[in-house]
Amino acid sequence: LTELDEVSTETVRRRFKENDLKPWQKKMWCVGNMNANYIAQMEHVLDVYARPKNSAEPVVNFDEAMKQLVSDVAPPSPVKSGRSARIDYEY
């Protein structure tokens, strides 16, 4: 190891990449007030997930994480007369 007065940003970037470090990312979550109503609602959600598979009543869930759309995976379809452009998004 060597003591340095300065380190280039490129060196720092490479070290982060080599060690799979992402110090800018933060894991955050929020748990509501643990009262009787909150627990009852969570138990209801767990009961829904525990139901047997039924194609007539599919269980759909979604992630509420804030994610930024950076680019299109598929190009948007062009505008047609009487119809606006259609854009499919993926995170």
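Me: What makes a group of residues a nonpolar patch in this predicted model?
Reply: Patches are made of residues with over 30% relative accessible area and no salt bridge, and nonpolar side chains, Tyr, Val and Leu among them, are joined within 5 Å. In this predicted model, Val45, Leu46, Tyr49 and Val59 make such a nonpolar patch, with a surface of about 370 Å².

Me: Why is Tyr49 called partly exposed?
Reply: The relative accessibility of Tyr49 is 46%, and partly exposed covers what lies between buried, under 20%, and exposed, over 50%, so Tyr49 counts as partly exposed. Tyr49 is found in helix α2, which takes in residues 36-50.

Me: How do you know that the length of α2 agrees with that of a helix?
Reply: The expected span is 1.5 Å times one less than the number of residues, which for the 15 residues of α2 gives 21 Å; the end C-alpha atoms are 21 Å apart, and therefore the two values agree. At the start of α2, a side-chain oxygen of Asn35 reaches to within 3.3 Å of the backbone nitrogen of Asn37.

Me: What makes the pair Glu10 and Arg13 a salt bridge?
Reply: The cut-off is 4 Å between a side-chain nitrogen of Lys or Arg and a carboxyl oxygen of Asp or Glu, and the closest N and O atoms of Glu10 and Arg13 are 2.6 Å apart, so the pair qualifies as a salt bridge. Both residues lie in helix α1 (residues 9-18), where they are 3 residues apart, about one turn of the helix. Glu10 is partly exposed at 36% relative accessibility, and Arg13 is partly exposed with a relative accessible area of 42%.

Me: How do you know that Arg15 and Glu18 form a salt bridge?
Reply: Their side chains meet at 3.1 Å, N to O, which is within the 4 Å limit, and the contact therefore counts as a salt bridge. Arg15 and Glu18 also both lie in helix α1, 3 residues apart, about one turn of the helix. A search of the whole structure finds 2 salt bridges.

Me: What share of the protein chain is buried?
Reply: Buried residues make up 1% of the 91 residues in the protein chain, where buried means under 20% relative accessible area. The accessible surface of the chain comes to about 9800 Å², of which 54% belongs to carbon and sulfur atoms, and its secondary structure comes to 2 helices and 0 strands.

Definitions and conventions
Residues numbered from 1 in each chain as written. Predicted model: local features only at pLDDT ≥ 70, side-chain atom pairs only at ≥ 80, totals over all residues. Heavy atoms only, no water. Patch = residues over 30% accessible without salt bridge, like charges linked within 9 Å, V, L, I, M, F, W, Y side chains within 5 Å. Areas by Shrake-Rupley, 256 points an atom, 1.4 Å probe, with all protein chains shown as cover. Helix = DSSP H or I, 4+ residues; strand = E, 2+ residues; numbered from the N terminus. Buried < 20%, exposed > 50% of the residue type's maximum accessible area, 1.4 Å probe, protein only. Polar contact = N/O pair within 3.5 Å; in protein donor to acceptor, adjacent residues only side chain to side chain.
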